Amino acid sequence: MSLSSAISIAQQAFSNTAQQTAIVSKNIANAGNADYSRRLALLGSTGNGGAQVVSIYRAQNEALLKQSIASIGEASGQARLRDGLELLKSALGGNNYETAPSKMLSEFRNSLQTLASTPGNKTIAASAVTSAQDLANSLNKTSDTVQNLREDADKEIALEVDKLNGLLAEFEKANNAVKSATATGGDASDALDQRDKILKQVSEIIGISTVTRGDNDTVIFTTDGTVLFENSPRKVTFAPTTAFDASTVGNKIFVDGVPIAPGSGADTTAKGKLASLVQLRDDIAPKFQSQLDEIARGLIEMFKEGNPSATPTPIPYKPGLFTTDPALATMPAAGTVVPGLASKITVNALAKANPLLLRDGGFNGVVSNPGGAGNPSPGYTGLLDGFINKMGENMSFDPSTGLDGTSSLLNFATGSVGWLEETRKTASTADDNKRAMLSRTQEALSKQTGVSIDEELSLLLDLEQSYKASAKLVSTVDAMMAALMEAVR
C-alpha cells in the first residue's frame, strides 16, 4: 500500500467516523422521542480498499406501525366515549348517583308514605311537595346536562374536523418530501418520521388504514374504505349546530362527500374521536334523554287530576301535581316518548300555595276528598294511597328507550340508572383493555425502531476505537514521511 493510499484511507475513515458519530449523537438526543426511529450509517467498500458511508438505514417495522396506528384509533375512540359517560355519571351525583331521578323518586315516594301516615299535617305535606320539586329539578338538570353534552360534542367535532384537515395538509408536505428524497436517492429519514407522526395524530381523530406504493407514496383510507388522502387530501366537512334540545338532530361528518359512521356499543366500534363523538351525540345521549322523558311522562300521567284508584278510568287529562311549562294540552299516548318532556316538567304552582291539594286533589276543581273543598276530611288518604300504589304498578313505556316496555315507574327509573352504569362500566373496562393493547403494541414497536442508550453508547466506544486506529495510521504515515524526507536530505 502506498503512503498516499494510506492517507486517503485514513481521511475516509475520519469522514466515516464523523458521520457515524453524528448519527449516534442524533439517536441519543432523540432517545425519549416516541416519533423518532433509530438511524444507522451503512458502510460500503471503496475501490482503494477503504470504506465509506453509502446510506442511512432507518429502523422500521411496517406491520407493527400499522398495528400501532390501528390501536391508537381504537383507544382514542373508547377513551372519548368513556369520558362522556363519566360526565353523565358525575351529573347524577357520582358513584352513588345521589342526585339521579331514581333516587329523588324513591325519596318522593317515602315522603308520600309519611304524609299518608299523618295526612292532616300541612308541614309534612309541604315537605312532600318540596320532595316532588326536587324530583322535577333532578329531571330538568339531568336533561340539561344531556343536551349540554350533545352540544359540547358537536363543538368538539367541529374542532377535530378542522384539526384533521390541517393534519392532512401537513401530511401532503411530508409525503412529498419522502417521495422527493426517495426519487433522488437522498436520506428520507426525517421526512418519514414526520409522516409517521402525522399518521398517528390522524388516527386519534379518525380510524385509518394505509397503503404505501412503490415510490414510497402513502395513501390513507378511513376504516370504512373511503379515500382520505391520495396525492392530495380529501376535504373533511362538517356543519356545526348552534343549539341542542331533545328534538335536535346533529349534522353528519363527511369525508369527500361520504358520511362517517358512528360507533356502536359500550365496547365501541368507533375508531378515533369523531366516531365516538357522533355516537355520544346521536345515540348514547338521546337514548338516556328518552329515558328521562319517559320518567317525566310517567309522573305527569300518574299524578294527573282524578283518583288513580278509581273505576272506571279517571277523567281525561288535567294537570295535577306534575305539569309542564307551558302545560300540556293533552296527555301523551301511553308508551310514547315526548322529546324534551324531562326539561319542562315542574310542580304545579297550586301545590306550593296549598300543599294539602296533594292529599285532597282539586288542582283543576276535581276534589277527591269526600269532604269536598269546603270541608275536607283531615284523615283522608285515598288519593295518597292510590299514588303510592301506582308507583309500584306496571305501566307502558316506549321500548325505544332500551329499557323494559312494561314496568313500574320506580323500576323504570332504577333501570335507567342501571343502564347508564352498565354502559359506563363496560366502556371503562374496554378502555382499560384497549389502552393495554396500545401500550403493548407501542412497546413492541419501540423495541424494533426505538433508541437504546446502551447500544448507542457501545457503538460510540467502537467509533472511538476506530478513530484511534485512523489517528494511529496517520501518525505512522507521518513518521514514515518524515523518515523518507530525512533520507532524501
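Glu294 is placed in helix α6, which spans residues 273-302; helices (H or I, at least four residues) and strands (E, at least two) are DSSP runs numbered from the N terminus. In this predicted model, local features need pLDDT of at least 70 and side-chain atom pairs count only at pLDDT 80 or more, while totals for chains, interfaces and linings use all residues. Residues are numbered from 1 along each chain as its sequence is written, and side-chain values use heavy atoms, with hydrogens and water left out.

The relative accessible area of Glu294 is 0%, and the residue is therefore buried (buried means under 20% relative accessible area, exposed over 50%, partly exposed in between, with a 1.4 Å probe and protein chains only). Apart from neighbours within four places in sequence, Glu294 is in contact with Gly335, Thr336, Val337, Ser396, Phe397, Asp398, Thr401 and Phe412, where contact means heavy atoms within 4.5 Å.

Leu438 belongs to helix α11, residues 409-449. Its relative accessibility is 15%, so Leu438 counts as buried. Not counting residues up to four places away in sequence, Leu438 touches Ser68, Ser71, Ile72 and Ala75. The C-alpha atoms of Leu438 and Gly73 are 9.4 Å apart in space, although 365 residues separate the two in sequence.

Strand β3 (residues 208-212) is joined to β4 by five bridges in the antiparallel sense; two strands pair if DSSP finds at least two bridges between them. Ser209 stands opposite Phe221 of β4. Five residues lie between the strands in the β3-β4 hairpin, where Asn216 takes a positive phi near 70°. Two bridges join β4 to strand β5 (residues 227-230), again antiparallel, and here Phe221 stands opposite Val227. The β4-β5 hairpin has four residues between its strands, and Gly225 takes a positive phi near 95°. Strand β4 is mostly covered, with four of its five residues buried.

An open sheet of three strands has the order β7-β8-β9, with antiparallel pairing. Its edge strands, β7 (236-238) and β9 (258-259), each pair on one side only. Three bridges link β7 to β8 (residues 253-255), and Ile253 in β8 is the bridge partner of Phe238.

Over the whole protein chain there are 12 helices and 13 strands. The radius of gyration is 36 Å, whereas a compact globule of 489 residues would have a value near 23 Å; the radius is taken over C-alpha atoms, and the globule rule is 2.2 Å times the number of residues to the power 0.38. Along the principal axes, the C-alpha atoms fill a box of roughly 145 × 40 × 30 Å. Of the 489 residues, 45% are buried. Contacts between residues at least 6 apart in sequence join residues at least 24 apart in 67% of cases.

The chain exposes about 22400 Å², of which carbon and sulfur atoms supply 52% (Shrake-Rupley method with a 1.4 Å probe; for residues, only the protein chains shown count as cover). The mean positions of the 44 positive and 53 negative charges are 1 Å apart. Lys and Arg count as positive and Asp and Glu as negative, with His and the chain ends not counted; the place of a charge is taken as NZ of Lys, CZ of Arg, CG of Asp or CD of Glu.
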